[in-house]
Amino acid sequence: SCLFTENSFVPTSEIIAVEETELNKKQHNIGKWQKMAKPHAFTVYYVKKSRNHRWRCRDVTFWCVDEHLCNQWIQALKELLEMQKSRPKQLLVYINPYGGKRQGKRIYEQKVAPLFSLASISTDVVITEHANHAKDNLFEVNINKYDGVVCVGGDGMFSEVMHGLIGRMQKDSGIDQNNPKAPLVQCNIRIGIIPAGSTDCICYSTVGISDPVTSALHIILGDCQPLDVSSVHHNNTFLKYSVSLLGYGFYGDILKDSEKKRWMGPMRYDYSGFKTFLSHHYYEGTISFQPAKHTLGSPRDKDSCRAGCYICKKSEQQLAEQQKECGLKHEEDAEEWKVIKGKFLAINAVNMSCACPRSPKGLSPAAHLADGSADLILVRKCSRFDFLRYLVRHTNQDDQFDFSFVDVYRVKSFQFTSKLSEDNESNVTDIGKKRFGQFCRDHPACCCHVANSTWNCDGETLDSSAIEVRVHCQLMKLFARGIEENCKDEAAYSQSSIEQLL
């Protein structure tokens, strides 16, 4: 069903609210309505889509002289909205008042809270006071009373809420997170992201824009986007979960340096990035990985992950069939591990494209949000000029994997260690053991004190350089629709949508 307004229409799935409207005398005397003895009206609030995936709340008022007819319309539309069962009624909201430009509380109160109120969504709001406040709180609250959890902040705030939710689910189910082979319980409680941080990569990669109003409208409509999550372990000890970037070498070094310059604000990333590029460190080590044979796509495809992605749906089905036939443990033991040794400037594993305004395609343009795999990108030692060429490709439309020194693989698990960490920490994994070299630099004679890079896990550093990673298919769900295709012709879009609704 749909509602026609001003030579267009609105599907009921994109109506936010319906309210009876009181007409004042001035409105009554406008145009043809002054002929009505006592006009009655109701207002429909709906989503209006514009370019670049931006959504806005718009409204249209309908007038009629028959009060009974007006009430019938209001009642009928409210009943249609009640049928939208995926929409949240009660939300738990965490606001980081310190992230980004310290605008989280203002953004929520001025741009988001009025929309939630309009849509009759009740909220319990928690202003976080310290690191891991939201994570710790999620282990204590009665989570079953909420239809979703909303985080107002950047990627760090999302990571904190995600760790709290996943950890709570595993605890309640008796799952040991320290076991890297443990099949984790899926989180059915959705997370909504209101972007208000220094980096909003996850929001940008799942909605197509970092805009608080757009994200709030996705939450109100009850959209659901499954999301793969990677677990990171060291020596049978759980370290972190990752949904976007695991980066060693270049991106790890940037994070390590920028953490010392937090006083600079978001500009610290530019400064540390330039400094890290000039230092041109490379590291020798070995990656062992299992190819993701269940996926339909590959990292070199031209098709990006979009709303209702066919590849994600089919890959999920095929992965489930494989696990049903073989069992998870047997399947992991049986499948062949590939081992690659070399000197690397960067080792990146991404669960999503990692797109952002500066890099609209991201680190891996064809990475999928929910296909049970990660794209492993190995950038081998090369000249500064060649590495610069590779970095520039992130900002344009050229194929960023079309270099002899760049390899990319779609994997479902991988492991990394080094000779140094093997000697110091021992027995990280049996696979690929004793195949590891030492860490290197361009100028080892004067810089031999640098032993190691740092893993950048969604913007947080990991204590260990030797890690074991496994992708968990669709472990999380977001209040998002995925990135929709841009509509070049609004009329064609309207006609297509009408045909689907009829």
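The model is predicted, so local features need pLDDT of at least 70 and side-chain atom pairs count only at pLDDT 80 or more, while totals for chains, interfaces and linings use all residues. Residues are numbered from 1 along each chain as its sequence is written, and side-chain values use heavy atoms, with hydrogens and water left out.

**Salt bridges**

- Across the whole structure, 20 salt bridges are found, each defined as a side-chain nitrogen of Lys or Arg within 4 Å of a carboxyl oxygen of Asp or Glu.
- Arginine 481 pairs with glutamate 14, their closest N and O atoms being 3.1 Å apart; the two are 467 residues apart, with arginine 481 in the loop between β19 (467–478) and α15 (490–501) and glutamate 14 in the loop between β2 (8–11) and β3 (15–21).
- Helices here are DSSP runs of H or I with at least four residues, strands are runs of E with at least two, and both are numbered from the N terminus.
- Arginine 481 also meets aspartate 223 in a salt bridge (3.1 Å, N to O); because aspartate 223 lies in the loop between α7 (212–221) and β10 (225–234), this pair ties together parts that are 258 residues apart in sequence.
- Glutamate 14 is buried at 8% relative accessible area, and aspartate 223 is buried at 11%, where buried means under 20%, exposed over 50% and partly exposed in between (1.4 Å probe, protein chains only).
- A network of salt bridges links Glu14, Lys49, Asp223, Arg481 and Glu484.
- Lysine 105 and glutamate 109 form a salt bridge with closest N and O atoms 2.7 Å apart, and they are separated by about one helical turn because they are 4 residues apart in helix α3 (residues 104–118).
- Lysine 105 is partly exposed at 37%, and glutamate 109 is partly exposed at 44%.

**Cysteines**

- The structure holds 0 disulfides, a disulfide being a pair of cysteine sulfur atoms within 2.5 Å.
- For cysteine 203, the nearest cysteine sulfur is that of cysteine 151, 9.2 Å away, whereas for cysteine 354 it is that of cysteine 201, 4.4 Å away.
- Cysteine 203 is buried at 2%, and cysteine 354 is buried at 10%.

**Two buried residues**

- Methionine 169, in helix α5 (residues 155–173), is buried at 15% and, leaving out residues up to four places away in sequence, is in contact (heavy atoms within 4.5 Å) with Val185, Cys187 and Ile189.
- Threonine 454, in the loop between α14 (444–447) and β17 (456–457), is buried at 9%.
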